[in-house]
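Let's take a walk through a protein model together. Have the sequence and the 3D view ready, and look up each spot as we reach it.

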Amino acid sequence: MALQQRYFTDYRGELAAAHPGWTHEQLHQAASRYVSPPEIAPHSAGAAVDVTLVDQDGHELDLGTRVNASPEESDGACFTHAPNLSSRARHHRTLLLNAMENAGFTNYATEFWHFSVADRYDALMRQEPHARYGPIELP
């Protein structure tokens, strides 16, 4: 939880520096597109994984942008269904998305690499009444 809080706070700070006129709410909303607020973060619940594809030599395949690229850095190419992708990157993303969805994971559409299962987002997308997993704080 502490690491998630730091990631969120740091990114919100970057946005505040770039957009000094934004309100607290605008900053929170924009930061939440890329970094989950700690109170709902699926990684700290053990319910999410970040995934990419590599070739047989371990070299990352072209997926349009690097894993963890922000919307600003990638000109929106971090979004799973970004329109500004090459046909090769789109093909690789389709492979990744199909493999993970067939394994029961839900993609977070603002991060092509982020997949979760049984957390709040997954429950929302599947219209489940509740999530199985939520954030935990280790002692």
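A nonpolar core is a set of buried Ala, Val, Leu, Ile, Met, Phe, Trp, Tyr and Cys residues joined through side-chain atoms within 4.5 Å. Keep in mind that what you're looking at is a predicted model. Its largest nonpolar core has 19 residues, and the ones that touch the most other members are Y11, L15, L96, F112, W113 and F115. Three helices, α1 (2–18), α2 (24–34) and α4 (87–102), each supply at least two residues of this core. The biggest giver is α2, with four residues.

Let's zoom in on W113. Setting aside residues up to four places away in sequence, W113 touches Y34, V49, D50, V51, R66, V67, N68, A69, C78 and N107.

Now for helix α4. Next, which residues of α4 are buried? They are A89, H92, R93, L96, L97 and M100. If you look down the axis of α4, these buried residues fall within an arc of 135°, so they line one face of the helix. Here's the general idea behind such patterns: an α-helix has 3.6 residues a turn, so residues three or four places apart point the same way.

What do the buried residues of α4 pack against? Their partners are the strands β1 (48–50), β2 (106–107) and β3 (114–116). The face of α4 turned away from the buried side carries the exposed residues S87, R88 and N102. After α4 comes G104, which has a positive phi, near 100°.

You'll find S36 in the loop between α2 and β1. Is S36 buried or exposed? Its relative accessible area is 17%, and buried means under 20%, so S36 counts as buried. Leaving out neighbours within four places in sequence, S36 is in contact with Q4, F8, A41 and P42.

Back in helix α1, find R12. Beyond its neighbours within four places in sequence, R12 is in contact with H24, L27, H28 and A31. R12 and Y34 are 22 residues apart along the chain, and their C-alpha atoms are separated by 9.9 Å.

D75 is not a glycine, although it has a positive phi of about 55°. This residue sits in the loop between α3 (71–74) and α4. D75 has a relative accessible area of 63%, and exposed means over 50%, so D75 is exposed. A118 also isn't a glycine, and its phi is positive too, near 65°. With 7% relative accessibility, A118 counts as buried.

How values were computed:
Residues are numbered from 1 along each chain as its sequence is written. This is a predicted model: local features need pLDDT of at least 70, side-chain atom pairs count only at pLDDT 80 or more; totals for chains, interfaces and linings use all residues. Side-chain values use heavy atoms; hydrogens and water are left out. Buried means under 20% relative accessible area, exposed over 50%, partly exposed in between (1.4 Å probe, protein chains only). Contact means heavy atoms within 4.5 Å. The arc is that of the directions from the helix axis to the C-beta atoms.
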